[in-house]
Protein chains: 2
Amino acid sequence: MDYAGRLTAHLPMATRVLMLKSDGSVLIHSDGGSYKPLNWMSPPCSVKEITSEDQVEWVVTGKNDDTLRILIEEIQHDSSHELGIDPGLQKDGVEKHLQELLAEHPATLSAGLTLVRREFPTAIGPVDLMCRDAEGRSVAVEIKRRGDIDGVEQLTRYLDLLNRDPLLTGKGEVRGIFAAQEIKPQARVLATDRGITCTVVDYDALRGLDDPTERLF
Amino acid sequence: MDYAGRLTAHLPMATRVLMLKSDGSVLIHSDGGSYKPLNWMSPPCSVKEITSEDQVEWVVTGKNDDTLRILIEEIQHDSSHELGIDPGLQKDGVEKHLQELLAEHPATLSAGLTLVRREFPTAIGPVDLMCRDAEGRSVAVEIKRRGDIDGVEQLTRYLDLLNRDPLLTGKGEVRGIFAAQEIKPQARVLATDRGITCTVVDYDALRGLDDPTERLF
DNA sequence: CAATTAATGTCGCGC
DNA sequence: GCGCGACGTTAATTG
């Protein structure tokens, strides 16, 4: 196989699995690795088959002059199937859902915390949750599935900006809470250094706070 | 199919392609989309088959209690093949290669520029290229395939550090060059604001500077 | 349509 | 083995 597009790549002749989808896209899998093929062509693209004496060649052309040439010396097995339209995947549990759950139960982050609004708008982007604590101080919450340094930097930028707003700082400086299902040690150190509270969120426990009869799974 | 791990996901019953690799990993593909399966389990993992009256169930267990349950109502086709060890993919044209080419031809970045060394070590990581200009000033080059804000931040951190080293600043402040095949507008604004020069690199032209007889493709 | 951001990212290198 | 950054990232969301 030879690929030319964003990069140039070559695969020596070997036994592999070729998958050809109905949109013309092609996947070349080896027996291992992960779900990522060794090489591929994404749709939209078209496949042209060139048959010569003792071999078959596929020339796959994608957008932007991407080309994939596959030489087939031997076919161990060939099978074709009609799959029909796929109903699609239902996902649950990413950052958005975590945000919804925490918006419903802000007190799990810190006792006495109440929600002011979700996606609180600022000039440099929305703050995930804007809350108020028992003393009336504003609290900005940044939610991540995985808490690493980038998230702390992001929250810090928000806090810098928010603390210039007299409407928010009336009862004292705006506090920050960094909430994630997992917080990396480096992120925790940086956050602590900046006076930001780190909270590890237990997703299953949060879901348990909702009415179980409303859950699909 | 039901998946429970980092997130929870469900796939309704439909006709799909299941691929089972020798390391136990499982891929569930629909007839379209891209190379990414609808769902999967990455190695290391193990598959257990449970056969009942009128259906087959696969229970795939991965690391961290990830589980994938697949109910199979009907098998339209089943085929197994030994692929053997794969020779692997040969790549060409990513950042590493771009760095090699620019290291050979630093003057294409800025007239009179000469290379001091590649991967110049600092306490916070290596600078892609450390150069010197015609006036003897040090020039730090950060190379990206796609230039966005992160890259400018990275180069800024390097420059802050390098400018504290008297050995480098003897002939004046260390300059920065941000080189990429494509530079995002935001990145260009930020770089300019910080006195960093932006250079769009023409990969094909750079390759042309090398002896064509040395090229494999 | 371009730009921004999350991802069950995956992959590879260096410490 | 962990941490960090690139990736033909891909994919979803938003302006």
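Hi everyone, let me start with DNA strand C: it has 17 residues around it, and Ser34(A), Lys144(A), Arg145(A), Asn39(B) and Gln186(B) come nearest. "Near" here means that one of a residue's heavy atoms lies within 4 Å of the strand.

Before going on, some housekeeping. This is a predicted model, where local features need pLDDT of at least 70 and side-chain atom pairs count only at pLDDT 80 or more, while totals for chains, interfaces and linings use all residues. Residues are numbered from 1 along each chain as its sequence is written, chains are lettered from A and ligands numbered from 1 in the order in which they are written, and side-chain values use heavy atoms, with hydrogens and water left out.

Which part of the DNA faces the protein? One phosphate oxygen is 3.2 Å from an N or O atom in the side chain of Lys91(A). On the base side, the side chain of Tyr3(B) has an N or O atom 3.4 Å from a base oxygen, and a backbone N or O atom of Trp40(B) also lies 3.4 Å from a base oxygen.

Where does this surface come from? At least two residues each come from strand 12 (138-147) of chain A and from strand 5 (39-41) and helix 4 (185-193) of chain B. Strand 12 of chain A gives the largest share, 3 residues. Helices (H or I, at least four residues) and strands (E, at least two) are DSSP runs, numbered from the N terminus.

Now for DNA strand D. It is surrounded by 17 residues, and the closest are Arg6(A), Asn39(A), Ser34(B), Lys144(B) and Arg145(B). A base nitrogen sits 3.1 Å from an N or O atom in the side chain of Tyr3(A), and a backbone N or O atom of Trp40(A) lies 2.5 Å from a base nitrogen. Strand 5 (39-41) of chain A and strand 12 of chain B each supply at least two residues of this surface.

Let's turn to the two protein chains. The contact (heavy atoms within 4.5 Å) takes 51 residues from chain B and 50 residues from chain A. How much area is buried between the chains? About 4,600 Å², with carbon and sulfur atoms giving 56%; buried area is the accessible area (1.4 Å probe) that two parts lose on being put together, summed over both. In chain B, Asp31(B), Tyr35(B) and Leu83(B) lose the most area to chain A, together 17% of what that side buries.

The rule finds 2 salt bridges across this interface, taking a salt bridge as a side-chain nitrogen of Lys or Arg within 4 Å of a carboxyl oxygen of Asp or Glu. One salt bridge joins the side chains of Arg16(A) and Asp86(B), at 2.6 Å, N to O.

Finally, strand 9 (residues 90-92) of chain A and strand 2 of chain B run antiparallel, joined by 3 bridges; two strands pair if DSSP finds at least two bridges between them. Lys91(A) stands opposite Ala9(B) there, and the Lys91(A) side chain is also the one with an N or O atom 3.2 Å from a phosphate oxygen of strand C. Thanks, everyone!

How values were computed:
Polar contact = N/O pair within 3.5 Å; in protein donor to acceptor, adjacent residues only side chain to side chain.
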